[in-house]
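Me: I am new to reading protein models. Could you walk me through this one?
Reply: Gladly, let us take it feature by feature.

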Amino acid sequence: MTFATGDRLPPRWIIHLPTTLTSLDEVTALAVALRDSLGHLSVIDFGETTLSEEDAQHLRTRVFCDAKLDGAGRCRRPDAHDGPCAAVPSTTVGVSAACGHPDFTHTVSIKE
């Protein structure tokens with residue numbers, strides 16, 4: 001959809017997707033897995049992904065850096081990462097088998 005200069009863009013909608021997960025590591029791993037499996041959909045802006053506790057939704061934790069890169073694209077590394085931004089992250093995010101959650105007993109690798 002094209003808009004004339006000065007026209008406001010229509011508001012974007014946010015999907016609030018509650019989980020049964022109980023740790024930041026687990027829900028971060030889920031966010032990474034969702035990005036890795038659904039990242040080809042241009043209607044989802046994974047760079048703006050934030051996480052919050054159920055009863056403190058006003059306090060949000062960013063998942064991805066999303067800084068604009070020289071040339072084109074955005075940084076796909078975790079928020080507050082060490083080193084330079086990159087379009088292809090070299091970081092692993094996940095949870096250990098010790099956490100006991102049946103759906104997340106392995107490490108999720110962040111890769112293009």
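Me: Which residues make up the largest nonpolar core?
Reply: A nonpolar core is a set of buried Ala, Val, Leu, Ile, Met, Phe, Trp, Tyr and Cys residues joined through side-chain atoms within 4.5 Å. Here the largest has nine: Leu 21, Val 27, Leu 30, Ala 31, Val 32, Phe 46, Leu 51, Val 63 and Phe 64. Helix H1, residues 24-38, contributes the most, with four. (Helices, H or I with at least four residues, and strands, E with at least two, are DSSP runs numbered from the N terminus.) This is a predicted model: local features need pLDDT of at least 70, side-chain atom pairs count only at pLDDT 80 or more, and totals for chains, interfaces and linings use all residues. Residues are numbered from 1 along each chain as its sequence is written, and side-chain values use heavy atoms, leaving out hydrogens and water.

Me: What is the average pLDDT of the protein?
Reply: pLDDT is the predictor's confidence in each residue, from 0 to 100. The protein averages 79. Strand E1 (residues 50-51) has the highest mean, 94, and strand E4 (residues 107-109) the lowest, 47.

Me: How many salt bridges are there?
Reply: A salt bridge is a side-chain nitrogen of Lys or Arg within 4 Å of a carboxyl oxygen of Asp or Glu. The whole structure has four. One of them joins Glu 48 and Arg 62, at 3.6 Å from N to O. Another pairs Arg 62 with Asp 79, at 4.0 Å.

Methods:
Buried means under 20% relative accessible area, exposed over 50%, partly exposed in between (1.4 Å probe, protein chains only).
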